[in-house]
Amino acid sequence: MKPTLLAAASSEEDSTLTRVPDDDEGVAIPFLDRTENSFIECYADSIITVGDVEYTIGVPCDYCVALCYFDDKENLIPVELTDDLMDDIFPFAESIVSEEFEEELVLQRTPQTLTLVGELEDDDTDMDDEDEDDDEEDEEYDGQDEVEVLVTFEHRDKEYNLVRLMDPVLLVGKVDSERPDLRVLLTPEESDNIMPQLEAAFLKYHEDEETNSILP
């Protein structure tokens, strides 16, 4: 374990973070999942260089959502993307969204997070009747992530909720060697090795940025 820790410490010293140019901030970049042969479009937020490898930090272009259910203790539990339960309920949830919002919103099973494509309206009349119930459910949720309940439905005698994740979701990808305009999402092994360094560099950059904004 010591060589791994030493390598991590050495790489962290060499890590640098830079913001993407203003001209590139609104450009959608496909982040590819090679194992699932799928992709999710993101806006580049920043680039972290560790050694000679560049990692792009991306923010999904569409709304990040999750399918959840309440357990016996009234905790809101998300269904993991790789869970067999997701295979069962996603097609049903997809059809519910299609019926509820017609062509305005589309639920997609994108890598690392479900996404909702379209425009959510704060004053959507279709949601008015559910506001009171949603408020009660939000109060029951005592997890760390803030969510907004969008749709509640039953499937196989169990209640599920489609919720919008209000906290920012950040994805990490490396430049595709064959297509520099694309990014490749990290494998689980790569993520375990590099994410602590990337998180440290990302947090340090934003802490320094906040400090500088406070200084006269």
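Helices (H or I, at least four residues) and strands (E, at least two) are DSSP runs, numbered from the N terminus. The model is predicted: local features need pLDDT of at least 70, side-chain atom pairs count only at pLDDT 80 or more, and totals for chains, interfaces and linings use all residues. Residues are numbered from 1 along each chain as its sequence is written, and side-chain values use heavy atoms, with hydrogens and water left out.

**View 1. Overview of the protein.** Five helices and 12 strands make up the secondary structure. Of the 216 residues, 35% are buried (under 20% relative accessible area; exposed is over 50%, partly exposed in between; 1.4 Å probe, protein chains only). Contacts are heavy atoms within 4.5 Å. Among contacts between residues at least 6 apart in sequence, 54% join residues at least 24 apart. The protein exposes about 13,700 Å², and carbon and sulfur atoms supply 46% of that area. Accessible areas come from the Shrake-Rupley method with a 1.4 Å probe; for residues, only the protein chains shown count as cover.

**View 2. Glu100 in helix H2.** Glu100 has its place in helix H2. Its relative accessibility is 28%, so Glu100 counts as partly exposed. Val151 is 51 residues away along the chain, yet the two C-alpha atoms are separated by 8.5 Å. In strand pairing, Val151 stands opposite Leu162 in E10.

View 3. Two strands pair if DSSP finds at least two bridges between them. E9 and E10 run antiparallel, joined by eight bridges. These two strands form a hairpin with two residues between them. Arg156 in the turn has a positive phi of about 55°. E10 also runs antiparallel to E5, through four bridges. Here Leu67 has Leu162 in E10 as its bridge partner.

**View 4. The largest nonpolar core.** A nonpolar core is a set of buried Ala, Val, Leu, Ile, Met, Phe, Trp, Tyr and Cys residues joined through side-chain atoms within 4.5 Å. The largest one holds 21 residues, and Leu67, Leu107 and Leu116 touch the most other members. Two or more residues come from each of strand E5 (63-70), helix H2 (84-101), strand E7 (105-108), strand E8 (114-118), strand E9 (147-155) and strand E10 (158-165). H2 gives the most to this core, with seven residues. Apart from this core lies another, of 11 residues, among them Ile57, Val172, Leu186 and Leu198.

**View 5. Surroundings of Leu107.** Residues up to four places away in sequence are not counted here. Leu107 touches Val65, Phe90, Ala93, Glu94, Val97, Leu114, Thr115, Leu116 and Leu162.

**View 6. Thr115 in strand E8.** Thr115 is found in strand E8. Its relative accessible area is 2%, so Thr115 is buried. The side chains of Thr115 and Thr110 make a polar contact at 2.9 Å. A polar contact is a pair of N or O atoms within 3.5 Å; within protein, one must be able to donate a hydrogen and the other to accept it, and residues adjacent in sequence count only if both atoms are side-chain atoms. Leaving aside neighbours within four places in sequence, Thr115 is in contact with Ile40, Asp62, Tyr63, Val65, Val106, Leu107, Gln108 and Thr110.

**View 7. Strands E4, E11 and E12.** Strand E4 (residues 53-60) and strand E11 (residues 171-175) run antiparallel, joined by four bridges. Ile57 has Val172 in E11 as its bridge partner. Three bridges join E11 to strand E12 (residues 183-185), again antiparallel. Val175 is partnered by Arg183 in E12.

**View 8. Asp167 and Glu146.** Asp167 lies in the loop between E10 and E11. With 31% relative accessibility, Asp167 counts as partly exposed. Glu146 is 21 residues away in sequence, and the C-alpha to C-alpha distance is 6.2 Å. A polar atom of the Asp167 side chain lies 3.5 Å from the backbone nitrogen of Glu146.

**View 9. Cysteines.** The structure holds zero disulfides (pairs of cysteine sulfur atoms within 2.5 Å). Cys42 is in no disulfide; the nearest cysteine sulfur, that of Cys61, is 6.1 Å away. Cys42 counts as buried because its relative accessibility is 0%. Cys68, at 5% relative accessibility, counts as buried too.
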